[in-house]
Amino acid sequence: MAVIKMTDVSLAHRLARVNLDLQPGEVLGLIGPNGAGKTSLLHCFAGVESYTGEIRLLDAALSDYSGEQRARLMGLLPQRCQSAWSLSVGDIIRLGRLPWRDDCPEKVSQAARMTGVNQWLDHPVDQLSGGEQARVWLARVLAGEPRVLLADEPLASLDLYYQCHILTLLRDYAQGERSVMLSMHDLSMAARYCDRLCLLHQGEVFALGSPAEVLTRENLLAVYQVQVQLDLAATPPVVSVIG
Amino acid sequence: MIHVVLGLMLLGTAVISLHTGSTQVAVLAGLVEWLRGLETVDAIVVGDIRLPRTLLALTVGAALGLSGAALQGLLRNPLADPGLTGASQGAALGAAAVFYLGLFPVAGGAAPAMAGLLGAGLAMLLMLFLAGSARQSMVIMAGLAISTLTGALLAAVLNFAPNPYAMQELVFWLLGSVSERGLEHLLLLLPALLVGGGLILSQRRLLLGLSLGEQVADSLGLSSRTGSRLVVLGAAILVGTAVSVAGAIGFVGLIVPHLVRPWVGNRPDRVLLPSALAGATLVCLADILIRLLPPGPELKLGVLTSLLGAPLFIWLVWKERRRWL
């Protein structure tokens, strides 16, 4: 049974009749040009945007869940994050436990270890570099252990090592009942780490399926208006822009 | 821990406040006699003058400190001042109407406070209506707009003052003071402190979640829309009543959360109660200081807090600037 099933979901000027599903244990990559609706789609799930149409989470409509029940099942890592106050890294990660109304030290320190920020637990978050902060924001979501982890461009502001590290981490997170839905711009990374891809174009689903089905020359030309050279069988997969 | 320390400081300040005044009285004996309904000099000085003054200073300070901490947390802006809700200007306008039009003659000495409360309530409703979405920038803009409007009306009232005495009375009232007020003012303040404080404290988790922005707060299952309105409402109730009872006591709401923040790891939820305790202590201390000044025309409490608060504020700006350089 699908964890999430979206039927004819629309959002004024941003999404038009989107049909999409997310399976347990799956990493689903949302790709598409700027303004294609990737962020809006993630926001619909996370309760940030109100939509028309139906989203089912497990066996009930998303709108039937209370905010807290939904937050326990779905965690959102927004594209840009900033702490208004100079909170400690530990306090930021503990924020992920808010829907559970506990501070569960084991889960907090486990999330910190997974993202490699455990040595800074007492540090003020605003004294870390951008890349280090990005891992703290992710640790915050991981601490809530959501069934569905929604990540909006988690690779932005990360160096190459941590791009791979975070994607491996998300890949491993999507085990058993847990799934990950993330938006990203790097198509070869998307082909390498995602089970399925959803190519969005002007608020509509242009293509949905395995990387090989979605990343075709025709699709990419139609959506991105660029010629690409593809070799998805290579390790790592090659998607390079010719022009 | 910080609660205990601040609580003890508050108690100590209250005791000192009961002992401070122009005449020497036996405080404990006077308090007991007052409670037993005896009309001795000690009982009258302690029970009818110093006790209301102390309790008012404490509650006004607590209301200002708490509302400042809540608004700064909600707006994620360390420079947010409780006056931003438009409630203080509204209260001032309400009180001015009493001085000039003689509203609520039945209420006697509490009339300015009651009219102030009404004015604060009206200004706040207008502000909430104008702000609509309760987004942080809208709350600031709407609060500024309503403050400007009520400020203009207040200036117009001053302009057409029927006689200079009424004007002087109003200006002195506006400068802020907790003296010459009775326990009936406490009957206005205490419920406001309970209701406003309760509203704000019920949204502690929202304030914490909002540290990372509205999107994160929403995704954490916190309702930032309704919750923000409750916080603004709570803060406006606190500020409105505090200003109605004691006039404008500047800088307490702005400065106190800054003093407390380093002790609670900058957490916007944990800064609330300590800010209330520290605000109460500071206003009471300022009021003690006023009573210790040499006799003559009394320095108004609001003037003193501004005189002390402004340099502190400049120091904060300086410290903040160094951090960013």
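Across the interface of chain A and chain B, 6 residue pairs are in polar contact, both residues at pLDDT 80 or more. A polar contact is a pair of N or O atoms within 3.5 Å; within protein, one must be able to donate a hydrogen and the other to accept it, and residues adjacent in sequence count only if both atoms are side-chain atoms. The structure is a predicted model, in which local features need pLDDT of at least 70, side-chain atom pairs count only at pLDDT 80 or more, and totals for chains, interfaces and linings use all residues. Residues are numbered from 1 along each chain as its sequence is written, chains are lettered from A and ligands numbered from 1 in the order in which they are written, and side-chain values use heavy atoms, with hydrogens and water left out.

The interface also holds 2 salt bridges (a side-chain nitrogen of Lys or Arg within 4 Å of a carboxyl oxygen of Asp or Glu). One of them pairs A:D91 with B:R267. Their closest N and O atoms are 3.0 Å apart.

On the side of chain A that touches chain B, the elements giving two or more residues are α1 (38-46), α2 (67-73), β6 (74-77), α3 (89-95) and α5 (130-143). Helices (H or I, at least four residues) and strands (E, at least two) are DSSP runs, numbered from the N terminus. The most residues, 4, come from α2(A). By class, this side of chain A divides into 15 nonpolar, 6 polar and 6 charged residues. Here Ala, Val, Leu, Ile, Met, Phe, Trp, Tyr, Cys and Pro count as nonpolar, Asp, Glu, Lys and Arg as charged, and the others, Gly among them, as polar.

The contact (heavy atoms within 4.5 Å) takes 27 residues from chain A and 23 residues from chain B. About 2100 Å² is buried between the two chains, 61% of it on carbon and sulfur atoms. Buried area is the accessible area (1.4 Å probe) that two parts lose on being put together, summed over both. A:W85, A:L95 and A:L98 supply 33% of the area that chain A buries against chain B, more than any other three residues.

Backbone geometry was also examined in the loops of chain A. A cis peptide bond joins A:T235 and A:P236, with omega about -10°. A:P236 lies between β11 (228-231) and β12 (238-241).

Two residues other than glycine have positive phi: A:H13, near 65°, and A:L58, about 55°. A:H13 sits in the loop between β1 (4-11) and β2 (15-22). A:L58 occupies the loop between β4 (52-57) and β5 (60-61). A:H13 is exposed, at 86% relative accessibility, whereas A:L58 is buried, at 19%. Buried means under 20% relative accessible area, exposed over 50%, and partly exposed in between (1.4 Å probe, protein chains only).
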